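Take a first walk through this structure.

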Amino acid sequence: MNKQEIISRLEAFAPPETQEGWDCSGWIIEHPENNIRNVMFALTITDSVYEQAKEKNCDLIISHHPLFFVPLQYKDIQMYCAHTNLDKAKGGTTDTLIEKAGFDNAQSENEFVRIVTLKTPISIEVLKDRLLPISPHLRYINNRGVQKIQTIGFCAGSGSEFIESSHAECFVTGDLKYHTACETSKVVFDIGHFESEVIIKEKLQKITGIEGIFADEKTPFI
């Protein structure tokens with residue numbers, strides 16, 4: 001496999017120039033050789049993922065989360081990351097979450113948030129049942145005892161900052177902050193940062209057009 005062909009497909013889908021200014025998407029480690037034997041798809045590059053890649057004879061790891069500091073021992077494997085540019089891309093991280101939850105026709109509210117407007121309202125319990133297969137240990141806030149909703153905002157990963165500015169009645173994200181949970185008038189589902197984004201590995205496989213190997217990862221929370 002040619003690495004430039006693989007990465008060009010990914011960059012056509014999620015252009016690196018659309019990433020946030022603080023982000024570190026793109027090549028984390030790149031070697032001169034172009035030929036790739038095996039690719040590992042990961043959410044986060046950790047020691048465990050690195051060791052798995054070595055064991056599986058992978059020449060390249062494609063991850064969602066970037067490395068802002070690269071340990072010296074990692075430098076023998078090429079690494080590429082698509083982070084906020086993949087979050088923003090149509091069909092990217094948040095859209096993949098929406099697909100997994102069984103919804104469609106999502107509209108962008110800003111670069112990171114998508115809104116699903118349902119034809120008829122659904123109960124909070126129905127929405128919970130749709131999200132449980134994605135995140136069995138989800139938690140949610142319903143400070144006003146809302147029974148049904150018709151508009152749902154989605155932001156995979158850390159979307160707590162967008163909850164109050166969203167026009168949706170209900171919001172689905174990960175990493176819900178405590179004070180936001182106390183004060184919000186909206187129904188908010190915190191499905192976990194890991195759970196909301198780990199599903200992007202399957203999408204990375206489709207985007208690049210290669211079978212690859214999925215890293216064995218799990219949430220750090222028990």
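**Salt bridges and pockets**

K100 has a relative accessibility of 40%, so K100 counts as partly exposed; that term covers the range between buried, under 20% relative accessible area, and exposed, over 50% (1.4 Å probe, protein chains only). This is a predicted model, in which local features need pLDDT of at least 70 and side-chain atom pairs count only at pLDDT 80 or more, while totals for chains, interfaces and linings use all residues. Residues are numbered from 1 along each chain as its sequence is written, and side-chain values use heavy atoms, with hydrogens and water left out.

K100 meets the side chain of E202 in a salt bridge (3.4 Å, N to O). The term means a side-chain nitrogen of Lys or Arg within 4 Å of a carboxyl oxygen of Asp or Glu. This pair links distant parts of the chain: E202 sits in helix α8 (residues 200-208) and K100 in helix α4, 102 residues apart. Helices (H or I, at least four residues) and strands (E, at least two) are DSSP runs, numbered from the N terminus. E202 is partly exposed, because its relative accessibility is 36%.

The structure holds ten salt bridges. Another one joins R114 and D95, at 3.2 Å from N to O. R114 belongs to strand β6 (residues 114-123) and D95 to helix α4 (residues 93-100), so the pair ties together parts that are 19 residues apart in sequence. Both R114 and D95 are buried.

E20 pairs with K88, with the closest N and O atoms 2.6 Å apart. E20 lies in the loop between α1 (3-13) and β1 (26-29), K88 in helix α3, 68 residues apart. K88 is buried, because its relative accessibility is 14%. E20, K88 and E111 are linked in a network of salt bridges.

Now turn to the open spaces. A pocket is an open set of points on a 1 Å grid over the protein atoms alone, where a 1.4 Å probe fits, with protein on both sides within 12 Å along at least five of seven lines; lining residues have an atom within 4 Å of a point. The largest pocket is lined by 14 residues, and H137, G192, E195, T219 and F221 lie nearest its centre. Helix α7 (residues 193-197) gives the largest share of that lining, three residues.
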